[in-house]
Amino acid sequence: MEQPISIALADTILARWPDPDAIPYQPWCYVQGYILCGLEKLWQFSGEQRYFDYIRLFGEKHVLPDGSIRNFKGNSMDDMMAGTVLAALYQYTGEPRYRLAVERIRASFNDYPRNRDGGFWHNRGGAHAMWIDGVFMGGMFMARCAAVLGDGPFGFGEVANQIRILSKNCLQAESGLFLHAYDESRASSWADSKTGLSSTVWGEGLGWYALILVETLGLLPQGHPERLGLIGILDKLLEGLRGTQDPISGLWYQVVDKGSDPDNWLDTSGSGMFLYTFQRALDLGLANQSDIQRINKGFASLKTKAVKDSRGWIDILDACDGVCVQRSYRDYIDYPIVVNAKEAIGSFLWAAVQIEKPPRAIR
């Protein structure tokens, strides 16, 4: 039987970076959080201990007995994301140091700067700018923290609040899709002088937003008062994604709503995020049965973006690495395409795990 691509990619990650701190690009950053959360999902499905051991190694390297955290600064939403891994480790191990570490990260939100409408800045030094990426980075930690430690002040209500604020500011109502960023002050180089909005519906950025919607709904208790509102936002987004999926490949474009432009191209990272979102929503009873066909078509094409090198390791093709908010359509389209863009590895892993659901190992 052919090995699931999720297993092959996960084993490549462990072989390529035996120390999780070596995962590009910093020892503690959102990329570790993203990839390790993907490995957690794989461990839950497969029961393969090596994936949990790898996650635990990250925790052991960063969290001291008193709960202090090596490399954590709390200066950006990106910095919060890796804390999701510590919340998971506390959930599975019950070790007090992980609870203390999670509480330290949660406390860092207390003085984190906000816009007038309550939206968190993407980073402390980037006055008034909200990136659509950030609601995933901070929201993943807050939602997991709420699920593990209890729904306190920075719990599900705050995650839902941030999702709504970005919906209010960045949603293109006619398409159900979202622009990449918003600057309340209009001072950022990419911000429209009248609206404060960035120019473009970037695939991976929209993917971060899609992920936080389904991940929050997966953690949210059934009777929670925020549930119906989040489902409504997800419904509109899924409809927008249905309308922009490439009918031939089943993937999505780097600039999602400009698929007819000849210089646009199909992006692996955003496509993986959207396929995960559809499958997760389907598993939660929040998508249509007709979406199964679009998931299967897209996943078949996504797998063509994973190729083996001379060592048998998986390389992920056709994505950009570390894209910040850009000024124009052309800047997104012309951004360098690289092999093994760090976000694309995580996106591919999440999609493959959720769609394949590797069977639990028999011991």
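This is a predicted model: local features need pLDDT of at least 70, side-chain atom pairs count only at pLDDT 80 or more; totals for chains, interfaces and linings use all residues.
## Ground rules

Buried means under 20% relative accessible area, exposed means over 50%, and partly exposed is in between, using a 1.4 Å probe and protein chains only.

Residues are numbered from 1 along each chain as its sequence is written, and side-chain values use heavy atoms, leaving out hydrogens and water.

## Helix α7

Let's start with α7, which covers residues 132–149. Helices here are DSSP runs of H or I with at least four residues, strands are runs of E with at least two, and both are numbered from the N terminus. The 18 residues of α7 reach 26 Å from the first C-alpha to the last, close to the 26 Å expected at 1.5 Å a residue (the expected span is 1.5 Å times one less than the number of residues).

There's still a kink of about 30° in α7, centred on glycine 139; the bend at a residue is the angle between axes fitted to the seven residues ending there and the seven starting there. Since 16 of the 18 residues are buried, α7 is largely enclosed by the rest of the structure. Just after α7, glycine 150 takes a positive phi of about 115°.

## Salt bridges

A salt bridge is a side-chain nitrogen of Lys or Arg within 4 Å of a carboxyl oxygen of Asp or Glu, and the whole structure has 29 of them. One of them joins arginine 144 to glutamate 40, with the closest N and O atoms 2.6 Å apart. That pair links helix α7 to helix α2 (residues 30–46), across 104 residues. Arginine 144 is buried at 10% relative accessible area, and glutamate 40 is buried too, at 7%.

Lysine 168 and aspartate 117 also pair up, at 3.3 Å from N to O. Lysine 168 sits in helix α8 and aspartate 117 in the loop between α6 and β1, so the pair ties together parts 51 residues apart in sequence. Lysine 168 is exposed, at 56%.

## Glutamate 204

Glutamate 204, in helix α9 (residues 203–219), is buried yet has no salt bridge. The nearest side chain of opposite charge, lysine 342, is 8.2 Å away (Lys and Arg count as positive, Asp and Glu as negative; His and the chain ends are not counted).
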